[in-house]
Amino acid sequence: MNIIDFFTPDVIAARWTETASNKIPYLGAGLFPAKKRAGLDLKWLKGSKGLPVMLKPSAFDAKATFRDRIGFEKIETEMPFFREGFKIKEHDRQELLRVQDSSDPYARATIDRVFDDAGELIDGANVVPERMIMSLLFPEGGEAKIDISANGVKYAYDYDPEGAWKSKNYFGLTTTKLWSATATADPFEDIQKAQNAVAAATGAKLTTAIMNNTTFNMLTKIDAVKNRFLTATGKSYSYLTRADIANVFRDMVGIDFIVYDKMFKDENGVSKSFVPDGYVCLIPDGNLGYTWYGTTPEEADLMGSGKAEVSIVNTGVAVTRIIEEHPVNINTIASEIVLPSFERMDEIAVLKVIA
């Protein structure tokens, strides 16, 4: 078996897809479905129609008055580009020659290592849009923006340049309202306040609260939650289970919970949570926006050119193989152009519940 024959982008893509089918998908990928467009430019409409405004009275035989279109703002920007790869060098190639000997006990491990390297590139590509989406759903300090810097390249996108969203949809709790103040905090009131604000502005109903496990566990210690559970059920327990908390919030404020604890390593190799401690994102049903993929140089210029082999996975991630003849190296590269649009930005609310 020749490594050049079997280690192709098509095989890498098929193997990754088969493995990925057994994994829990990223939350952001479900809330912001993937779409594809050519080039780098991204144009989308931000905002919401808001509540319906009644028609103005009119006399018969009079001309209609015309209302302005409100609630939309056209956003234009250029999507960022990401690319990284690895080499199978001549020394590595000697190890891979073991594969040709089916009796070698290390053959399978050698093949797995090579494909795992390629899979890591695709996994790393998928972290990028998830990180972007979560930075918008959980804007630390209320700053709805995306900031990524590495290799001397900085990408910065401000989704709320005038601060309008922060002033209406971001709720930073203080003093006795903080969820760490277990005797005085009232999460039901906090959630209802956010629900009412969004409903009054847009008509949207907030139905789901997203947070991490650390934040969710704070609810088990708050007196107001324990007392509401006692009032609703007539039962008193020394502790509340996850199901107890979920039921009482569903009954009292119509909210379901998603506890999201996935982690990633950033461009500096530091482990981080997608959802920060002490933040709660309240969302309505349905998609919130889209994950837009552009056409990478590899897809646009190398696919079908005969100079390299290219396969596309996950809508817009290009997996490319380039063989160098001297020295003999096999370069495998993953690349993507990606950025989320956030059409329903005004229909979410964020609570900061710890200091």
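Predicted model: local features only at pLDDT ≥ 70, side-chain atom pairs only at ≥ 80, totals over all residues.
Biologist: Let's start with the largest pocket: about how much space lies in it?
Modeller: Picture an opening lined by 28 residues. Phe82, Arg83, Glu84, Val128 and Glu267 are the ones nearest its centre. The space inside comes to about 840 Å³.

Biologist: Which element gives the most to the lining of that largest pocket?
Modeller: Several elements give two or more residues to the lining, namely β4 (81-88), α5 (107-137), β5 (145-150), β6 (153-158), β10 (263-265) and β16 (328-341). With eight residues, the top contributor is α5.

Biologist: And by class, how many residues in the lining of the largest pocket are charged?
Modeller: The lining has 13 nonpolar residues and six polar ones. Asp, Glu, Lys and Arg are what count as charged. In this lining, the charged residues number nine.

Biologist: Two of those lining elements are β5 and β6, so which residue in their hairpin takes a positive phi?
Modeller: β5 and β6 run antiparallel and are joined by six bridges. Alanine 150 stands opposite valine 153 in β6. The hairpin has two residues between the strands, and the one with a positive phi, near 55°, is asparagine 151.

Biologist: Now the open sheet of five strands: which strands stand at its edges?
Modeller: The order is β7-β17-β12-β8-β9, with mixed pairing. The two edge strands each have a single partner, so one side of each is left without a neighbour in the sheet. From one strand to the next, the twist averages 20°. The edge strands are β7 (170-172) and β9 (256-259).

Biologist: Which helix lies across β7, β12 and β17?
Modeller: Look for a helix spanning residues 187-202. Relative to β17, the helix runs at about 155°. That helix is α7.

Biologist: What about β13: which residue in β16 is the bridge partner of its tyrosine 293?
Modeller: β13 (residues 290-293) pairs with β1 (residues 34-36) in the parallel sense over three bridges. In that pairing, lysine 35 has tryptophan 292 as its bridge partner. β13 also pairs with β16, in the antiparallel sense over four bridges. There, the partner of tyrosine 293 is valine 338.

Biologist: Last one, on aromatic pairs: are the rings of tyrosine 26 and phenylalanine 274 stacked or edge-to-face?
Modeller: A search of the whole structure finds nine aromatic pairs. In this one, tyrosine 26 sits in the loop between α2 (9-20) and α3 (27-31), while phenylalanine 274 sits in the loop between β11 (271-273) and β12, 248 residues apart. Planes over 60 degrees apart count as edge-to-face. The centres are 5.7 Å apart and the planes lie at 75°, so the pair is edge-to-face.

How values were computed. Residues numbered from 1 in each chain as written. Heavy atoms only, no water. 1 Å grid on protein atoms, 1.4 Å probe; cavity = no way out; pocket = protein on both sides within 12 Å on 5 of 7 lines; lining within 4 Å. Points joined across faces, edges and corners; volume = space filled by probe spheres on them. Pairing = 2+ DSSP bridges. Axes fitted to C-alpha atoms, helices over the stretch in contact; angles between N-to-C directions. Contact = heavy atoms within 4.5 Å. Phe/Tyr/Trp six-rings, centres within 6.5 Å; stacked < 30°, edge-to-face > 60°.
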